[in-house]
Amino acid sequence: MELFQYPYMQRALVGALIIGLAAPALGIYLVQRRLALIGDGVGHVALTGVGAGLLLNRSPVLVAVIVASLGAITIELVRARGRTSGDLALALLFYGGIAGGVMLVGLSDSTSASLNAYLFGSLSTITPTDLTTIAVLGAAILVTMLALRPALFAICHDEEYARVSGLPVRALNLLLAVATAVTVTIAMRAVGVLLISALMVVPVAAAQQVTRGFRSTMTAAMTLGLFAAGSGVYVAANADTAPGASVVLMAIASFAVVALAGVGWRTLRRRRVAAADPSAVEPHEVVLSQS
Amino acid sequence: MSAPVITVTRAAIGYEGRAVLRDVSLTVTSGEVVAVLGANGSGKSTLTRAVLGLVPLSSGSVELFDQPARRFRQWHRIGYVPQRLGAGGGVPATVGEVVAAGRLARRGILRPPGRADRRAVATALAAVGLADRTGDPVSTLSGGQQQRVLIARALAGEPELLILDEPTAGVDAASQAAFAGALQEFVAGGGTVLLVAHELGPLRPLISRAVVVHAGGIAHDGPVPEPAGHHADPDHDHVHPHGPNEPAGLWSA
């Protein structure tokens, strides 16, 4: 624990915890929408923003937020318009994003080390300014995702019904897209572009092995995210491993543990439901004789 | 009791250049229970989706509660029951959470749910006989029970008009009866219903008027046609009501 007396380690821990809490809070909506890998795509686009920031000598994180938001909005518009050409358009955006990023970083005077910091994360180099950015944006994401949960749940669960309920579906979709971009960009410093989706998706995947409802899944996923971030940074500090990779591996380890526990729990439950509710297994032939 | 609730005037609808409905006019007045009948693919679902603004009209107009659909904003007056629950992604949701979404039209997106919301959800679930399943994940319910969850979601918003798209297709007998009971209660309370159906089954006694969609137009508007004649229609394309669900699209919610 002695390492955590150093301010840079404290910043790393606090930054990781904020991201560990915010990323699953957003990720649950993406998983529900079967867009689990969208964070990865937006991350690729964010890399172009990092490259542009380094080249223009502006804050890479700030430029990345803007570029990633534009990318996420484009993806959302493609998604909303049509289904068939969607995946090709997304592929173009993803690979364009990462190629653009690598090229722009190369054009700037930065070393390959700075590219690595964004690809795989670099928690220990977080400055106090970085931490403020992460805290403010992370809090904004958390508050939005929690306050708008009923509406966001509705559009992700049944978009058509949400439309007929008069919800501002397009605005909420765009909000979700921008929130994804913001989360990706702040998480980039912690776990890196290549591992961002893991923090958004793995805690949710783990939580839903044992939960029964959306709200409980969200709470459990945020708890697991917090645990993975904290324990990952702790392991990294003591074993001198890469923090981003350690955080993600802790998340995956918690998934494995919860999934195993879930198998036993579900077997028990299934027996109980089948015994308690005979109509669930009623043969469909019953209807035929009536119609 | 004769204020028009839905007015469709000379509506034409097409998908990618292919006309589904050519010239359809339909008026539903307050308190009516109108069944839209027709063969599979006749466009009866398309007609209701157009009324809800989910499918654009290529010509003609739709009015809801005496307002042009384009300017209509009082969505809490309408309860929509889709054909089936969307796949809804991998995240579990409880019956109560799905039904609570029916309150959003009334409450708006920023206000947290209050006591009235919780009471409406409980009442709606009791009306369809699922009060004891509130905390269960919807994925553990049978197809018929899931369909009842959808009508509970619509009822929770305390609407004046219910629009149902094939509510009883593939639904077990117990659920059909619960469904008919809930609908009867709604109608007795002065509600208006527009209902797409392939077969009416236990809903038949509730229907006050039937509209048959055929060949892109309305072939019949009046009393419920005799089932024998309807089933004897050479164009009647009987699809088994218990067929497998359509696979959900990759990007569909």
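Analyst: Two strands count as paired if DSSP finds at least two bridges between them. Helices (H or I, at least four residues) and strands (E, at least two) are DSSP runs, numbered from the N terminus. This is a predicted model, in which local features need pLDDT of at least 70 and side-chain atom pairs count only at pLDDT 80 or more, while totals for chains, interfaces and linings use all residues. Residues are numbered from 1 along each chain as its sequence is written, and chains are lettered from A and ligands numbered from 1 in the order in which they are written.

The part examined is strand β3 of chain B, residues 33–37. By 4 bridges β3(B) is joined to strand β8 (residues 192–196) of chain B, and the two run parallel. In this pairing V33(B) stands opposite V193(B). Another 4 bridges join β3(B) to strand β9 (residues 209–214) of chain B, again in parallel; here A35(B) faces A210(B) as its opposite residue.

A residue is buried if 20 or more other C-beta atoms, placed from the backbone, lie within 10 Å of its own. On that count 5 of the 5 residues of β3(B) are buried, so the strand is largely enclosed by the rest of the structure. In a regular strand the side chains alternate between the two faces of the sheet. In β3(B), V33(B), A35(B) and L37(B) point one way, V34(B) and V36(B) the other, and all are buried.

As for chain A, it has 13 helices and 0 strands. Of its 291 residues, 52% count as buried.

Definitions and conventions. Buried ≥ 20, exposed ≤ 12 C-beta atoms within 10 Å, placed from the backbone.
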